Amino acid sequence: MSDLTSVPGTQPLLQPVQLGALKLPNRVVMAPMTRSRADNEELAPTGLHATYYTQRAGAGLIISEGTWVSTDAIGFINVPGIYTDAQTTGWTKVTEAVHSAGGRIVSQLGHAGAASHPDHHGGRLPAGPSAINPHEMSFTPDGPKDSLTPRALSAAEIATTIGTYRQAATNALRAGFDGLEIHAQVSHLVAQFLNPRLNQRTDAYGGSSEKRAQFLLDVVDAVSSVWGSDRIGIKLSPYWNSGTAFTADAEALAEYDQLLRRLDDSNLAYLHLLGPEPDTETDTLTAFTRYRAHYRGAVIANLGFTQASGNELLERQLADAVSFGAPFIANPDLVDRFTHGHPLAADNRDTRFAGGAEGYTDYATMIGSYEECFVRLGCGTHFCGVAGVPQPSAGAPPAQYQRQGWSDSGSM
């Protein structure tokens, strides 16, 4: 479990915590979310990415969107990578901006594997642990397309792929990230290696649960040669169900139990674990109780949490931090909203995965938005913190707020 400093009278989500070498002022983590804003040939993050992440720097920890470790890793459009100098430079600007705002950010390293499509690879088949179609969907420049039967990675290609994780870790260090998270969840490459339906190899990377886990362990060793293990996390999804390949049956869960026990001695910063989908047979508390039985290190809990359920999980000591995805989209000031009991805004689902600033960096905050506080909510001086200022009519902010840095755009 984590090193926790308790503050009496403070809700658990707002307690400081240390995960490995990562010291967090609160336990509200921004989950990695693909937003598809790297609409450029280099697949490099831009100034828009820097603004987006900096707006959310109040999180105890930001985990970046999954970033490709190589061109072979690509499986979706407009997702940034971290395998070129241009991408590394772009991420440097992001981390500098987040740090200037007092935040902390780690880079999530990912590879789509067999869940990709030939359209991302010049017509070449993507590769996976075995030549078995995972029956997933890849978002290509021409729209969503079903995955095909992939090539099986050769032993030499596996070694090369592990090397791309090592190089990506080096680039993340150069870019100024505070740590790394290995994307090992849902239907992507690492999860494909862990899955007996998709991994039917007979070499060192298949044939038993221990061997199917070897790819992940080798990736951990590779990135640990660049970073200390106490700055590395892994995101896993034992309860993930998708099609016929990924089913959270008793056998699959038992294999993940064994994996968690093996990772218990790895001195990682944390494991980032998904619970079951809402309204399924297994409830969240049962799932995280099971995780705690096999892993004594720090756990970040993910999937469908609210402020209330996150606090309850932490109070039960079933996790050390809770990650929130969708709530951070429309609520860049999510920690402040939790702190002061403000309501959460809903995001526009149509702008989650495409476009520019709209639905990305233009969401208002409760404190710091003239439009939010005065026009839309009509709440007078409740959120502004300046007593005696009458509620104005719509239009330009009053002179008092212009002097404090308010703008017509509703941002500080």
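Visitor: What percentage of the residues count as buried?
Guide: The figure is 55% of the 412 residues in the protein chain. Keep in mind that this is a predicted model.

Visitor: What share of the contacts with a separation of 6 or more joins residues 24 or more positions apart?
Guide: That share is 66% in the protein chain.

Visitor: Are they buried or exposed?
Guide: Tyr 52 is buried, and Tyr 360 is buried as well.

Visitor: Which aromatic cluster are they part of?
Guide: The one formed by Tyr 52, Tyr 53, Trp 91, Phe 177 and Tyr 360.

Visitor: What about Trp 68 and Phe 76?
Guide: They form a stacked aromatic pair too. It is 6.4 Å centre to centre, with 10° between the planes.

Visitor: Why does Trp 68 count as buried?
Guide: Because its relative accessibility is 4%, and buried means under 20%.

Visitor: Let's switch to empty space. How do you find that?
Guide: You roll a probe the size of a water molecule over the atoms, and that shows where empty space is left.

Visitor: How many cavities of 30 Å³ or more does the structure hold?
Guide: It holds 4. The largest cavity has a volume of about 170 Å³.

Visitor: Which residues are closest to the centre of that largest cavity?
Guide: Asn 195, Phe 246, Thr 247, Ala 252 and Tyr 256, out of 16 residues in the lining. By class, the lining has 11 nonpolar, 3 polar and 2 charged residues.

Visitor: Which helices each supply at least two residues of that lining?
Guide: Helix H4 (189-194) and helix H7 (250-263). H7 gives the largest share, 3 residues.

Visitor: Tell me about Asn 195. Where does it lie?
Guide: Asn 195 lies in the loop between H4 and helix H5 (209-212). It counts as buried because its relative accessibility is 6%.

Visitor: What does Asn 195 touch?
Guide: Leaving out residues up to four places away in sequence, Asn 195 touches Arg 212, Ala 245 and Phe 246.

Visitor: And how much space lies in the second largest cavity?
Guide: About 90 Å³.

Visitor: What lines that second largest cavity?
Guide: Leu 194, Ser 209, Ala 213, Glu 255, Tyr 256, Gln 258, Leu 259 and Arg 262. This lining divides into 4 nonpolar, 2 polar and 2 charged residues.

Visitor: Which element gives the largest share of the lining there?
Guide: H7, with 5 residues in the lining of the second largest cavity.

How values were computed
Residues numbered from 1 in each chain as written. Predicted model: local features only at pLDDT ≥ 70, side-chain atom pairs only at ≥ 80, totals over all residues. Heavy atoms only, no water. Buried < 20%, exposed > 50% of the residue type's maximum accessible area, 1.4 Å probe, protein only. Contact = heavy atoms within 4.5 Å. Phe/Tyr/Trp six-rings, centres within 6.5 Å; stacked < 30°, edge-to-face > 60°. 1 Å grid on protein atoms, 1.4 Å probe; cavity = no way out; pocket = protein on both sides within 12 Å on 5 of 7 lines; lining within 4 Å. Points joined across faces, edges and corners; volume = space filled by probe spheres on them. Helix = DSSP H or I, 4+ residues; strand = E, 2+ residues; numbered from the N terminus. Nonpolar A, V, L, I, M, F, W, Y, C, P; charged D, E, K, R; others polar.
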